[in-house]
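User: Could you take me through this model? I would like the sheets first, then the packing.

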Amino acid sequence: MNIYIPIEIKVRELEGRILLALAAAEQNHTVIVGEKKDTIGLASSESTPKGLIHMKSITPHDSMLRTLNKLRQNGHVITVQDEESGLLDETYDTFARLRFSERTIPLVDRVCAWGNYDARSLKRIYSQYSDKISITGSPRVDFWRKDFSKYYSYSDDAKTLNGKPYILIASNFGGPLNVNRFWNIMARLNEAGYLAREEGRERYQFENEAYQTRLIGEFVFMIRDLAKSYPDHHILVRPHPVESIEGWKKLIGNVPGIYVNRDGTISRWIRHAKVTIHNGCTSALEAAIAGENRIAYRPLPHEIERDIPNEVSTQVFSIDELKEKVQECLDGRL
């Protein structure tokens, strides 16, 4: 069978989707992996061999509906596993309603769930399509497991940062650092139906933007402080895929020992960092599963914070408390 596997965000999806492609190739399937627009465009061509399209999401907006209908008309089988986890909140229900719908699920042949958490919610909300929902696990999460440590032992370029051990800052903010203007983000959410599908979503977006802006400021001050406090270590700031690398550099300024980059997938950096510092980031879940040090820095406690990643981390609420825990990590005591 011909299997088409589109990738939207390379630094997040590449390893997991290549692993899936290799497993399919071992079963004598022909696999095409590529950028989402090109891969789906190729599969949408009437001259392309029929096969299976493994979508990375089926968010219910007009362009997605057109794409799914076109693929079905061309005779393809369609499966989907959302590359967004939906694991950052106490319930999966909001994610399930925003990323799936009664309009898109009927157009696919199988929904692949990460595990029981998302499968239960999807089957309850979309009970008429429960037979389409299967628990498969996620190849992205396979790389988080401890038995994949050997794979990252070969990442020589991530074992140190310019010759020094390093502390990783995993950003998951957006706010003023988003590469897209806030009003354009809101317009896109509105056009895609996000704001209409959940009561209070629009107000939440404004409140979250304001909170993230304040939190970014606290992280900038914290990053500078760590760089001065630990001259024998470098600080690696890892922006989220939607964030501007240049924006981070300009906010932090020219401080020795601080590096901002998004090279490769984050997994290898998590494995070799002395500690990962975050607030509400999926990287904390990965670090927890991999058995690596992680600290949730919470200088501005707020109901908007993502509870799950923080709860699987050592939580601190001030810069002094943070440095105390960082030192414990550097000394091997945490």
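Analyst: The answers below cover the sheets, the helices packed on them, the cores and one lysine.

User: What should I know about the model before we start?

Analyst: This is a predicted model, in which local features need pLDDT of at least 70 and side-chain atom pairs count only at pLDDT 80 or more, while totals for chains, interfaces and linings use all residues. Residues are numbered from 1 along each chain as its sequence is written, and side-chain values use heavy atoms, with hydrogens and water left out.

User: In what order do the strands run in the sheet that contains E9 and E12?

Analyst: The order is E9-E8-E7-E10-E11-E12, an open sheet of six strands with parallel pairing. Strands (E, at least two residues) and helices (H or I, at least four) are DSSP runs numbered from the N terminus, and two strands pair if DSSP finds at least two bridges between them. Strand E9 (258–260) and strand E12 (314–316) are at the edges with a single partner strand each, so one side of each has no neighbour in the sheet. On average, neighbouring strands of this sheet are turned by 25° against each other, direction ignored.

User: How many bridges are there between E8 and E9, and between E7 and E8?

Analyst: Strand E8 (residues 234–238) pairs with E9 in the parallel sense over three bridges. Within that pairing, Leu236 has Tyr259 as its bridge partner, and Val237 has Val260. E7 and E8 also run parallel and are joined by five bridges, with Ala170 opposite Arg238.

User: Is E8 buried or exposed?

Analyst: Five of the five residues of E8 are buried, so the strand is largely enclosed by the rest of the structure. Buried means under 20% relative accessible area, exposed over 50%, and partly exposed in between, with a 1.4 Å probe and protein chains only. His234, Leu236 and Arg238 point one way from E8, and Ile235 and Val237 point the other way.

User: Which strands does H15 lie across?

Analyst: Helix H15 (residues 319–330) lies across strand E7 (166–170), strand E10 (276–278), strand E11 (294–297) and E12, and runs at about 175° to E11. Axes are lines fitted to C-alpha atoms, for helices over the stretch in contact, and angles run from 0 to 180 degrees between N-to-C directions.

User: And the other sheet, what is the strand order there?

Analyst: That open sheet has six strands in the order E2-E1-E3-E4-E5-E6, with parallel pairing. Strand E2 (30–35) and strand E6 (133–135) are the edge strands, each pairing on one side only. Strand E5 (residues 110–113) runs parallel to E6 and is joined to it by three bridges, and Ala113 stands opposite Ile135.

User: Where do H2 and H3 sit?

Analyst: Helix H2 (residues 36–44) lies across strand E1 (2–7), E2 and strand E3 (51–55), at about 135° to E2. Helix H3 (residues 62–73) packs on the sheet and touches E3 and strand E4 (77–80), its direction making about 165° with that of E3.

User: How do the two helices meet?

Analyst: The axes of H2 and H3 come within 9 Å and cross at roughly 40°. The two helices are therefore oblique to each other; angles under 35 degrees count as roughly parallel, over 145 as roughly antiparallel, 65 to 115 as roughly perpendicular and the rest as oblique. Ile40, Ala43 and Ser44 in H2 meet Thr67, Lys70 and Leu71 in H3, where contact means heavy atoms within 4.5 Å.

User: Changing topic: how many residues are in the largest nonpolar core?

Analyst: The largest nonpolar core has 31 residues, and those with the most contacts inside it are Ile169, Met222, Ile223, Trp248, Ile277 and Leu322. Such a core is a set of buried Ala, Val, Leu, Ile, Met, Phe, Trp, Tyr and Cys residues joined through side-chain atoms within 4.5 Å. H10 gives the most to this core, with nine residues.

User: What does Ile223 touch?

Analyst: Leaving aside neighbours within four places in sequence, Ile223 is in contact with Ile169, Ile235, Val237, Trp248, Ile252 and Ile258. A second, separate core of 27 residues includes Ile58, Val80, Leu107 and Ala113.

User: Last one: is Lys56 buried or exposed?

Analyst: Lys56 counts as buried, at 4% relative accessibility. This lysine is found in the loop between E3 and H3. Beyond neighbours within four places in sequence, the contacts of Lys56 include Glu8, Glu13, Asp82 and Glu83.
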